[in-house]
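Work through the exercises below with the sequence and the 3D structure open beside you. Try each task before you read its solution.

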Amino acid sequence: MNTFEIFDKYVIANYKRFPVSLVRGEGTYVWDEKGVRYMDFFPGWGCNMLGHCPKPVVDAVCRQMQELIHVPNSWYMPKQGKWAQMLSERGFGGKCFFCNSGTEANEAAIKLMRMYGSGQKRYKIITFEGGFHGRTMGSVSATAQPKYHEGLGPMLAGFVPAPYNDLEAVKSLVDDETVGIMLEPIQGEGGVNVPSEEFLKGLRELCDQNGLLLHFDEVQTGCGRTGEWFCYQGTGVIPDLMTLAKSVCGGIAAGVLMVKEEYAPYLRPGMHAATFGGNPVAAAAGIATIEMIEQENLLENAKKIGAHFQERFQELKSQSDLVKDVRGKGVMVGVELNVEGADVVQKCMERGLLINCTHGTVIRLLPAMTLTEEEVDEGCDIICEVIKSM
């Protein structure tokens, strides 16, 4: 049997897969079983922000695998402590809880917020239409998109949806049972939606006035995606909680909840855990990821190539009526079309470029921050040619 037949027989078909079997990656490129090379502008759904198989991360993981693969969190692990320190020092100085994915990190945040409010019987968390927080039951309940709730009800109670970027609507929803506000500082799956700084600052003031916790889900925007270590650093707003995953370990699975020190005790022993969370291999990868970003000045590169993406697509917008809007920051790019985007994804793949479409009409790019301007142009040329041809 070939790979496709094996999947048909043995793997649950809960993903829509392209008929391509990928076997190797290096930097900006991946190769399939037939040896066909693809430029990847959506590597690992945003997890491979350092490109495929970044050497510092590969080397760190290989070394760690020969020393210690896994021990439980009932013991101290030096690399986990160092990783937490490195994240904290580049963030708002908080403490870290380690897990394995973004949805797990968000589950931990939900628990912490509810524990924070339990003494006053506050449990409601305001979330936002178009947001996405994960697939486990708490996180999907927080995701204010009905399509993800179909057939799963009843959902976990206590999540109150609000329109994104509408401060007055949020104010009207706060009551005596509200404990926090949870949002992506730039919505990813929702269409690369960038809020105003006034909206985010207004949420911070609202939380301060009402004793609420402000949680930024930076699973997609964190770890350099926007050209800052964390997206909040470009807004002037500091959250009380922040969740990370995807690119935090350069492609190795991991999730992180970071919380201000004064709120950390609410996640007390026995309340939450993750067996593999912060294991030595993930910690080694996380440390190597931070070191690579700094040593290769990749935050500045993300800003530079991000500006180049915006320039190329704004030019396309001026030339094509099919382009409705261009959004994003750093290496998080959204091109909203006036037509469905699935054909654009398919035609780009046929020309050797891998991209994504979300919300039906938004071409979403989450490319590696290691890209050169020449690689940006090579990929943008393909996208522009495809859209113009339509």
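**Exercise 1. Find the residue in β12 that is the bridge partner of Gly-328, then describe the sheet to which β12 belongs.**

Keep in mind throughout that this is a predicted model.

Step 1. The bridge partner of Gly-328 in β12 is Val-333.

Step 2. Strand β12 covers residues 333-337, and five bridges join β12 to β11 in the antiparallel sense.

Step 3. Both strands are part of an open sheet of four strands, ordered β11-β12-β15-β14 and paired antiparallel. At the edges are β11 (323-328) and β14 (356-358), each of which pairs on one side only. From one strand to the next, the twist averages 25°.

**Exercise 2. State the strand order of the open sheet with seven strands, and explain why one side of β4 and of β6 is left without a neighbour in the sheet.**

Step 1. A general point comes first: strands of a sheet pair through backbone hydrogen bonds, and the pairing is either parallel or antiparallel.

Step 2. The order of the seven strands is β4-β10-β9-β8-β7-β5-β6, with mixed pairing.

Step 3. Because β4 and β6 (159-162) stand at the edges with a single partner strand each, one side of each has no neighbour in the sheet. The average twist from one strand to the next is 20°.

Step 4. The strands β4 and β10 run antiparallel and are joined by five bridges. One of the residues to look at is Lys-95, whose bridge partner in β10 is Val-259.

**Exercise 3. Which strand gives the most to the lining of the second largest pocket?**

Step 1. The second largest pocket holds about 450 Å³ of space. It is lined by 18 residues, and those closest to its centre are Gln-80, Cys-96, Phe-97, Phe-98 and Leu-267.

Step 2. At least two lining residues come from each of α3 (78-90), β4 (95-99) and β10 (255-259).

Step 3. The strand that gives the most is β4, with four residues.

Step 4. Sorted by class, the lining of this pocket has 11 nonpolar, five polar and two charged residues.

**Exercise 4. How many cavities of 30 Å³ or more does a search of the whole structure find, and which residues line the largest cavity?**

Step 1. In general, rolling a probe the size of a water molecule over the atoms shows where empty space is left.

Step 2. The search finds one cavity of 30 Å³ or more. The largest cavity contains about 50 Å³ of space.

Step 3. Its lining consists of Leu-87, Cys-223, Trp-229, Phe-230, Ser-247, Val-248, Thr-289, Ile-290 and Ile-293.

Step 4. Helix α8 (residues 280-295) gives the most to this lining, with three residues. By class, seven lining residues are nonpolar, two are polar and none is charged.

**Exercise 5. Classify how α2 lies against α8, and how α10 lies against α11.**

Step 1. For helix α2 (residues 55-67) and α8, the axes come within 8 Å and cross at roughly 150°. An angle over 145 degrees counts as roughly antiparallel, so α2 is roughly antiparallel to α8.

Step 2. For helix α10 (residues 342-350) and helix α11 (residues 373-389), the packing angle is about 130° and the axes are 10 Å apart. This angle therefore makes α10 oblique to α11.

Step 3. As for handedness, the crossing of α2 and α8 is right-handed. The crossing of α10 and α11 is right-handed too.

**Exercise 6. Where is Trp-45 found, and where is the place of Pro-154? Describe the backbone at each.**

Step 1. As a general rule, most residues other than glycine have a negative phi, and most peptide bonds are trans.

Step 2. Trp-45 is found in the loop between β3 (37-40) and α2. Its phi is positive, near 55°, in a residue other than glycine.

Step 3. Pro-154 has its place in the loop between α5 (137-142) and β6. The peptide bond from Gly-153 to Pro-154 is cis, and omega is near 0°.

**Exercise 7. What phi does Gly-27 take in the hairpin of β1 and β2?**

Step 1. Strand β1 (residues 22-26) and strand β2 (residues 29-32) run antiparallel and are joined by four bridges. Among the residues of this pairing is Leu-22, whose bridge partner in β2 is Asp-32.

Step 2. The hairpin has two residues between the strands, and Gly-27 takes a positive phi near 60°.

Key. Residues numbered from 1 in each chain as written. Predicted model: local features only at pLDDT ≥ 70, side-chain atom pairs only at ≥ 80, totals over all residues. Heavy atoms only, no water. 1 Å grid on protein atoms, 1.4 Å probe; cavity = no way out; pocket = protein on both sides within 12 Å on 5 of 7 lines; lining within 4 Å. Points joined across faces, edges and corners; volume = space filled by probe spheres on them. Nonpolar A, V, L, I, M, F, W, Y, C, P; charged D, E, K, R; others polar. Pairing = 2+ DSSP bridges. Axes fitted to C-alpha atoms, helices over the stretch in contact; angles between N-to-C directions. Parallel < 35°, antiparallel > 145°, perpendicular 65-115°, else oblique. Left-handed = near helix turned anticlockwise from the far one by under 90°.
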